[in-house]
Amino acid sequence: MRIGLETSFGGPTVTAAHVRQAVRHAEQAGFHSLWLPEHVVLFPRYQSQYPYRETINLDPEQVPLEPWTALAFIAAHTDKIRLGTGITLVPQRNPLYLAKQVADVDVLSGGRINFGIGVGWAAEEFEALGVPWAHRGARTDDYLQVMKALWTQEVSSFEGKYYTLPEAVQNPKPVQKPHPPIYVGGETEVALNRVARLGQGWIGFNYTPETLKPQLGKLDAALSRHGRKRSDIDVCICPYEHEVDLDMIERFRDLGVDEVILMVIADDATVLRRIDELSGCIVAPAGAL
C-alpha cells in the first residue's frame with residue numbers, strides 16, 4: 001500500500017529553507033508522493049458551499065504557494081518522491097500555459113508528475129479571476145484535450161466548443177508517455193464519468209472505508225460505461241480530517257485502494273515532527289501490507 005502526503009505551504013512562515021527541509025524530510029520518511037493544492041486567492045467570507053464540511057476552514061492568511069511554481073522548486077530538492085497537484089483548478093487557467101507548466105516540471109523532475117485536476121467549488125475565485133463559472137466542467141474537458149494534443153502531437157491542434165487551438169508546436173514534451181497521468185478529483189457522477197473518459201486515476205477526498213464503498217460502486221459503473229474497469233486506473237483516497245490508523249489503511253487496501261494520501265499542514269516547524277510520527281505508525285507498516 002502506497003502512502004502519499006497532501007500538504008499546503010502558505011502564509012508568512014513559508015520560506016525556501018522551510019519548504020526544502022519539509023519535502024526532503026517527507027522523501028526520506030518514505031512517502032510515495034507529495035500533493036499540493038491550488039487557490040490563487042482566499043476570501044474572508046464565502047457564499048459558495050465548501051463540499052467537504054459544513055464550514056469553510058480556509059485561513060485567508062494562509063494562501064498556498066502556486067503549485068507549479070512550488071513543484072518546480074521541490075523537484076530540484078528531491079530525487080524520487082512523486083509530485084502531484086491535489087488539485088489544479090483547470091478551468092481557471094489557460095490550457096496552453098498549463099500544458100507548458102506540467103510538461104516542463106515533468107521534464108525537470110525526471111518524469112515524477114501526477115497531474116491532479118478538478119473543476120473548483122468557489123465561485124468567488126472564478127469571479128475574481130474574470131473566468132466564467134458556468135460550464136466549467138465542459139471547458140475542463142476541452143482544455144484537457146488541448147493539453148493532451150500539445151503533449152503528444154509534434155504539431156498540435158484542437159477544435160472544440162470552448163477552445164480552438166490552431167496548428168502550433170509546444171516543447172519540450174513530457175518525460176512520461178504519452179503524458180503525465182491525469183488524476184481526476186471530485187465525487188459527483190459527472191466527475192466520475194470524467195475519470196472514466198479521460199483519467200488515469202481518481203482522487204477521492206474526505207472518505208472513510210465505510211463511506212468509500214458505495215462510491216466505488218458508482219466509479220465501477222462509470223468505468224464500465226466507457227469500456228474500462230477499476231484495474232485500469234489508480235484509486236487514491238485522502239481521509240482529510242478523519243483520524244487515520246493502520247487498521248483504516250488495511251480496510252482501504254481491502255477495498256482496492258492503491259494509495260492513501262494523508263493530510264498534514266506545513267505552515268510551521270511542527271510538520272517535521274508530524275511527518276516522523278506518520279512515518280513510524282503508518283508509512284513503514286503500510287509498506288508491508
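A salt bridge here is a side-chain nitrogen of Lys or Arg within 4 Å of a carboxyl oxygen of Asp or Glu. By that rule the structure, which is a predicted model, holds 14 salt bridges.

Let's start with Arg-2 and Asp-234, whose closest N and O atoms sit 2.6 Å apart in a salt bridge. Arg-2 belongs to strand S1 (residues 2-8) and Asp-234 to strand S10 (residues 234-238), so this pair ties together parts that are 232 residues apart in sequence. Arg-2 counts as partly exposed, at 25% relative accessibility, whereas Asp-234, at 14%, counts as buried.

Next up are Arg-93 and Glu-38, whose side chains form a salt bridge at 2.5 Å, N to O. Both ends are in loops: Arg-93 in the one between strand S4 (88-89) and helix H3 (95-108), Glu-38 in the one between strand S2 (33-36) and helix H2 (67-76), so the pair links parts 55 residues apart in sequence. Arg-93 is buried, with a relative accessible area of 14%, and Glu-38 is buried as well, at 8%.

For a local pairing, go to helix H9, where Glu-277 and Arg-274 lie three residues apart, about one turn of the helix. Their side chains meet in a salt bridge at 3.1 Å, N to O. Glu-277 is partly exposed at 40% relative accessibility, and Arg-274 is partly exposed at 38%.

Glu-27, in helix H1 (residues 16-28), is buried yet has no salt bridge. What does the side chain of Glu-27 reach at 2.6 Å? The backbone nitrogen of Lys-80. Setting aside neighbours within four places in sequence, Glu-27 is in contact with Thr-78, Asp-79, Lys-80, Ile-81 and Arg-112.

The largest nonpolar core has 69 residues, and the members touching the most others are Ile-3, Phe-31, Phe-115 and Trp-202. Helix H9 (residues 270-286) gives the most to this core, with seven residues. A second, separate core has 14 residues, including Leu-42, Ala-122, Ile-203 and Phe-205.

Definitions and conventions
Residues numbered from 1 in each chain as written. Predicted model: local features only at pLDDT ≥ 70, side-chain atom pairs only at ≥ 80, totals over all residues. Heavy atoms only, no water. Helix = DSSP H or I, 4+ residues; strand = E, 2+ residues; numbered from the N terminus. Buried < 20%, exposed > 50% of the residue type's maximum accessible area, 1.4 Å probe, protein only. Lys, Arg positive; Asp, Glu negative; His and termini not counted. Polar contact = N/O pair within 3.5 Å; in protein donor to acceptor, adjacent residues only side chain to side chain. Contact = heavy atoms within 4.5 Å. Core = buried A, V, L, I, M, F, W, Y, C linked by side-chain atoms within 4.5 Å.
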